[in-house]
Amino acid sequence: MATSQNALEEADYAMIAIYFVLVLAVGLWAIYLLIALGWVFVPVYVASGAFTMPEYLKKRFGGVRLRVYLSVQSLFVYVLTRITAEMYSGAIFINQMLGWNMYACVAVILAVTALYTIAGGLAAVIYTDTLQTVILLLGATVLFVITRFGPGMRSKSTA
């Protein structure tokens, strides 16, 4: 039986199904974990009159040192886990589209982000996130339509 190179095989569908089930299982596990953490920590926060973890730590242990440590640690972890991955993925895209050096791509991303954040403040960031969401949803829809109803999926040739 001759198959097109663009057509998905049964093993591909099986891997997609396994990946979907795995992501779903992790998501459901995370939901139950968050509910359990809420049952444990919310009464403690409510009893202390604190709304955030740094505020609770200040009331519990006093001083500024622990709050500053927690703030620095949170920023450091956020930069290492999220912002660097977003900059790298954006730099890969620009590198592939324009052929620029990766360092130049990262510098351009940082400069543009800093400019619109400084110029427009938080409102500019919110509008940009909204626009990116619309673009991503439209792109995902177009990609779905192309892959579902495109030339490789209309018919399977059998020999």
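Reply: Ground rules come before the questions. The model is predicted, so local features need pLDDT of at least 70, side-chain atom pairs count only at pLDDT 80 or more, and totals for chains, interfaces and linings use all residues. Residues are numbered from 1 along each chain as its sequence is written, and side-chain values use heavy atoms, without hydrogens and water.

Me: At what angle do the axes of α3 and α4 cross?

Reply: Helices are DSSP runs (H or I, at least four residues), numbered from the N terminus. Axes are lines fitted to C-alpha atoms over the stretch in contact, with angles from 0 to 180 degrees between N-to-C directions. α3 (residues 65-98) and α4 (residues 102-149) have axes that come within 8 Å and cross at roughly 115°.

Me: Which residues of α4 meet α3?

Reply: Contact means heavy atoms within 4.5 Å. From α3 come Met87, Tyr88, Gly90, Ala91, Ile92, Ile94 and Asn95; their α4 partners are Met102, Cys105, Val106, Ile109 and Leu110.

Me: How far apart are the end C-alpha atoms of residues 16-46?

Reply: The unreviewed UniProt entry annotates residues 16-46 as one "transmembrane region"; such annotations may be inferred rather than shown by experiment. The span is 100% helix and 0% strand, and its end C-alpha atoms lie 43 Å apart.

Me: Which helix gives the most to the lining of the largest pocket?

Reply: Of the 21 lining residues, the closest to the pocket centre are Glu86, Ile109, Thr113, Tyr116 and Gln132. α3 and α4 each supply at least two lining residues. With 13 residues, the top contributor is α4.

Notes:
1 Å grid on protein atoms, 1.4 Å probe; cavity = no way out; pocket = protein on both sides within 12 Å on 5 of 7 lines; lining within 4 Å.
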